[in-house]
Amino acid sequence: MPATHDEGMNETMTALVTGANKGIGKEIARQLGQLGHTVLLGARDVERGRSAAAELVVEGLDVRFVQLDVTDQASVAAAAKTIDDEHGVLDSLVNNAGLTHGMSLPSEASVEDVAATYATNVFGVIAVTNAVLPLLRRSTAGRIVNVSSDLGSLTRQQDPATPYYGQPPLLAYSSSKTALNGVTVAYAQELETTGVKVNAVNPGYCATDLNDHAGHLPAAEGAKVIVQAAVVPDDGPHGAFFTDGGTLPW
Ligand SMILES: NC(=O)c1ccc[n+]([C@@H]2O[C@H](COP(=O)([O-])OP(=O)(O)OC[C@H]3O[C@@H](n4cnc5c(N)ncnc54)[C@H](OP(=O)(O)O)[C@@H]3O)[C@@H](O)[C@H]2O)c1
């Protein structure tokens with residue numbers, strides 16, 4: 001049985017970020033590296049992952065590429081085994097990998113597109129979380145951050161005061177983030193009495209490939225609140241949904 005931090009095997013905090021080869025994920029990896037963490041930069045594509053990790057290593061950060069396609073159980077299991085073999089413990093898991101297949105109205109959506117979106121945004125989160133949960137339990141401060149969206153908030157979607165109220169509903173993406181919020185609450189309930197904290201975080205509307213760089217925030221800005229959640233103190237939130245500036249309704 002690998003040692004925990006208490007037993008002195010690994011004094012440096014270790015974090016896994018999924019989908020970290022670009023966008024908000026790469027900025028999360030950079031900022032956790034700047035905090036002194038050993039960052040395992042997960043990416044499904046070997047070239048893109050190695051290239052992003054190399055960029056951050058040049059900046060003096062301890063960032064290591066881990067091949068991780070969250071929809072591929074063999075890849076997920078191999079990544080978890082590598083982390084166990086090399087570190088024996090994981091302090092933070094940031095479930096950042098996300099996408100949308102199709103931007104269709106509900107009446108025009110294909111089930112295939114919705115299923116493919118859920119495969120990454122929902123089922124991938126469950127697969128990765130369960131694979132590394134034994135490692136998070138060994139940490140003295142295990143943290144799980146699910147990168148959600150305020151588009152996943154049922155309350156916000158129906159609030160005329162939200163900026164996107166009245167815009168065409170994006171069935172696959174928005175409902176996948178609503179499901180992710182439900183997944184977050186379920187894990188938070190199961191892990192309530194452990195030291196592992198679980199939260200969902202909305203980074204805000206960031207300019208990334210996901211939205212053809214239409215977002216008004218730089219990805220590095222959106223990453224900040226996610227990094228805060230990844231290192232939240234023991235008396236910090238658990239089972240919450242928040243963004244920069246406060247709590248969001250489910
Ligand atoms: N941008 C925003 O305004 C915004 C707002 C709210 C929430 N979010 C959320 O923030 C997260 C990051 O999005 P982003 O804006 O940074 O988008 P992005 O630039 O498109 O990055 C998405 C990342 O997810 C990866 N990914 C997709 N499917 C994957 C899979 N099966 N396995 C592993 N990695 C996979 C992508 O890898 P490839 O390069 O290989 O495709 C990429 O690294 C997502 O969960 C998104 O829903 C974004």
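**A loop, a sheet and its helices**

Good morning. I begin with H213, which lies in the loop between β6 and α7. Here helices (H or I, at least four residues) and strands (E, at least two) are DSSP runs, numbered from the N terminus. The structure is a predicted model, in which local features need pLDDT of at least 70, side-chain atom pairs count only at pLDDT 80 or more, and totals for chains, interfaces and linings use all residues. Residues are numbered from 1 along each chain as its sequence is written, and side-chain values use heavy atoms, with hydrogens and water left out.

H213 is not a glycine, yet its phi is positive, at about 60°. D212 is found in the loop between β6 and α7 as well, and its phi, near 50°, is also positive in a residue other than glycine. In general, most residues other than glycine have a negative phi. Are these two residues buried or exposed? D212 counts as exposed because its relative accessibility is 69%, whereas H213, at 48%, counts as partly exposed. The terms refer to relative accessible area: buried is under 20%, exposed is over 50%, and partly exposed is in between (1.4 Å probe, protein chains only).

I turn now to the sheet. It is open, with eight strands in the order β3-β2-β1-β4-β5-β6-β7-β8 and mixed pairing; two strands pair if DSSP finds at least two bridges between them. β3 (63-67) and β8 (246-247) stand at the edges with a single partner strand each, so one side of each has no neighbour in the sheet. Strand β6 (residues 197-202) pairs with β7 (residues 241-243) in the parallel sense over three bridges, and V201 stands opposite F242 in β7.

Which strands does helix α7 lie across? Helix α7 (residues 219-230) lies across β4 (92-95), β5, β6 and β7, and runs at about 155° to β5. Angles run from 0 to 180 degrees between N-to-C directions, the axes being lines fitted to C-alpha atoms, for helices over the stretch in contact.

Finally, consider helix α3 (residues 73-86), which has 14 residues. Its buried residues include S75, V76 and I83. Seen down the helix axis, the buried residues of α3 fall within an arc of 135° (taken from the directions from the axis to the C-beta atoms), so they line one face of the helix. They pack against β1 (14-17), β2 (38-43), β3 and α4 (111-137), where contact means heavy atoms within 4.5 Å. On the other side of α3, A74, K81 and D85 are exposed.

Note on methods
Expected span 1.5 Å × (residues − 1).
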